[in-house]
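User: I would like to learn how to read a structure like this one, feature by feature. Please take me through it.

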Amino acid sequence: MPELPEVETVRRGLNELTQNQQIEGGDVLLARTIAHPSSINDFLAGLKASKIIQWHRKGKYLLAQLSPGFGWLGVHLRMTGQLLWLQQDEPLQKHTRVRLFFAQNQELRFVDQRTFGKMWWIPASETPESVISGVKKLGPDPFDPEFTVDYLVEKLKNRRRPIKTALLDQELIAGIGNIYADEALFLSKISPTTLCTALSKEQISRLREAIIQVLQTSIEAGGTTFSNFLNVKGINGNYGGVAWVYNRNGEPCKICGSVLGRIKLAGRSAHFCPECQS
DNA sequence: GGTACTACCTGGAGGC
DNA sequence: TGCCTCCAGGTAGTAC
């Protein structure tokens, strides 16, 4: 499932491959993939003849700045979405949802098994924040200067919920999902069930450092190999081999040898070491 | 306002 | 082999 490092990996690949390329047309194979505008024809007409200037990332959202007057193209990969840069005559994947056609027979193909992924065309008269409600509510990116220890302390001080649940809240920190929340909590030696109100400033500082470290490591590895993440060139990432706890329940902890556990928190699985994170 | 729960959705895994 | 159930999880909507 794409989280910040995977989305960042995709963004870098898209900037490498699609910058200054002109969208010549498209095809929407699954209408509900298009979140805005409500008309598929308007979506395709709005993009036609635009050029991709640059891809940006806000949390897990990808935002393509289009040539002047054309606005923006927004994409969220959600659980299983993939953006692939292919030749148009390559056979369609089973779960192909949207195709955007470019010159020289090239294509940007949106493939999404579980159909949760979304795309938006935002006219130049509007902004991504005004059209995509999720973007408007995003907290700071973990690499933003405003993501400080003091910011986290302030945001967590009155929250009576488990820290694992808080880390998944995109209004608090943008871009963290289930995998990296578990990994960051392990690295900072904090149990996922610890209430935010019970965390000391020293623990919060450790957690902040761990979040940045784990995300940076994964970006450098090209994203995770968990699930079916592929970058734009269709290549799997390399983070899976270095996971400390995620999806390793029942296996020994790499630090102390204890059997790793898994619990449910707010409907999501949390993986942890009962000894290191006590 | 803060928090928890549920729906959305598909395919793989496991049980029978 | 075939059928059924459970599980995975990001976000939006809803309930408390």
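Analyst: We can begin with one annotated span. Over residues 2-117 the chain is 20% helix and 41% strand, and its end C-alpha atoms are 11 Å apart. Keep in mind throughout that this is a predicted model.

User: Which domain does UniProt place at residues 2-117?

Analyst: The unreviewed UniProt entry gives residues 2-117 as "domain: Formamidopyrimidine-DNA glycosylase catalytic". Residues 244-278 are 0% helix and 29% strand, with the end C-alpha atoms 16 Å apart.

User: Which residues does the "active site" annotation cover?

Analyst: An annotation of this sort may be inferred rather than shown by experiment. Here the unreviewed UniProt entry names Pro2, Glu3, Lys60 and Arg268. In the model, Pro2, Glu3, Lys60 and Arg268 are included in the lining of the largest pocket.

User: Is proline 2 buried or exposed?

Analyst: The idea is to compare the relative accessible area with a cut-off: under 20% is buried. Proline 2 is at 7% relative accessibility, so it counts as buried. Proline 2 belongs to the segment before α1 (4-18). Beyond its neighbours within four places in sequence, proline 2 is in contact with Val7, Lys60, Leu77, Arg78, Met79, Thr80 and Gly81.

User: What does histidine 76 touch?

Analyst: Set aside the residues up to four places away in sequence, then list what remains. For histidine 76 that gives Lys60, Tyr61, Phe110, Gly117, Lys118 and Trp120. Histidine 76 is found in strand β5 (residues 72-76), and at 9% relative accessibility it counts as buried. A polar atom of the histidine 76 side chain lies 2.8 Å from the backbone nitrogen of arginine 78.

User: How do I read a sheet? In what order do the four strands of the open sheet lie?

Analyst: The order is β1-β7-β8-β6, and the pairing is antiparallel. β1 (23-28) and β6 (81-87) are at the edges with a single partner strand each, so one side of each has no neighbour in the sheet. Neighbouring strands of this sheet are turned by 20° against each other on average, ignoring direction.

User: How many bridges pair β7 with β8?

Analyst: Strands β7 (residues 96-102) and β8 (residues 106-112) pair over five bridges, in the antiparallel sense. Threonine 96, for instance, has valine 111 in β8 as its bridge partner.

User: Why is strand β9 described as largely enclosed?

Analyst: Look at burial along the whole strand. Five of the five residues of β9 (residues 118-122) are buried, so the strand is largely enclosed by the rest of the structure. Lys118, Trp120 and Ile122 point one way from β9, while Met119 and Trp121 point the other way, and all are buried.

User: How many bridges join β2 to β9, and how many pair β5 with β9?

Analyst: Strand β2 (residues 34-36) runs parallel to β9 and is joined to it by two bridges. Isoleucine 34 has methionine 119 in β9 as its bridge partner. Strands β5 and β9 pair in the antiparallel sense over five bridges, and glycine 74 stands opposite tryptophan 120 in β9.

User: How far apart are leucine 62 and glutamate 8 in sequence and in space?

Analyst: Leucine 62 and glutamate 8 are 54 residues apart in sequence and 8.6 Å apart in space, C-alpha to C-alpha. Leucine 62 is in strand β4, and its relative accessible area is 0%, so it is buried. Apart from neighbours within four places in sequence, leucine 62 is in contact with residues including Val7, Val10, Arg11, Leu14, Trp55 and Leu83.

How values were computed. Residues numbered from 1 in each chain as written. Chains lettered and ligands numbered in written order. Predicted model: local features only at pLDDT ≥ 70, side-chain atom pairs only at ≥ 80, totals over all residues. Heavy atoms only, no water. 1 Å grid on protein atoms, 1.4 Å probe; cavity = no way out; pocket = protein on both sides within 12 Å on 5 of 7 lines; lining within 4 Å. Buried < 20%, exposed > 50% of the residue type's maximum accessible area, 1.4 Å probe, protein only. Contact = heavy atoms within 4.5 Å. Pairing = 2+ DSSP bridges. Axes fitted to C-alpha atoms, helices over the stretch in contact; angles between N-to-C directions. Polar contact = N/O pair within 3.5 Å; in protein donor to acceptor, adjacent residues only side chain to side chain.
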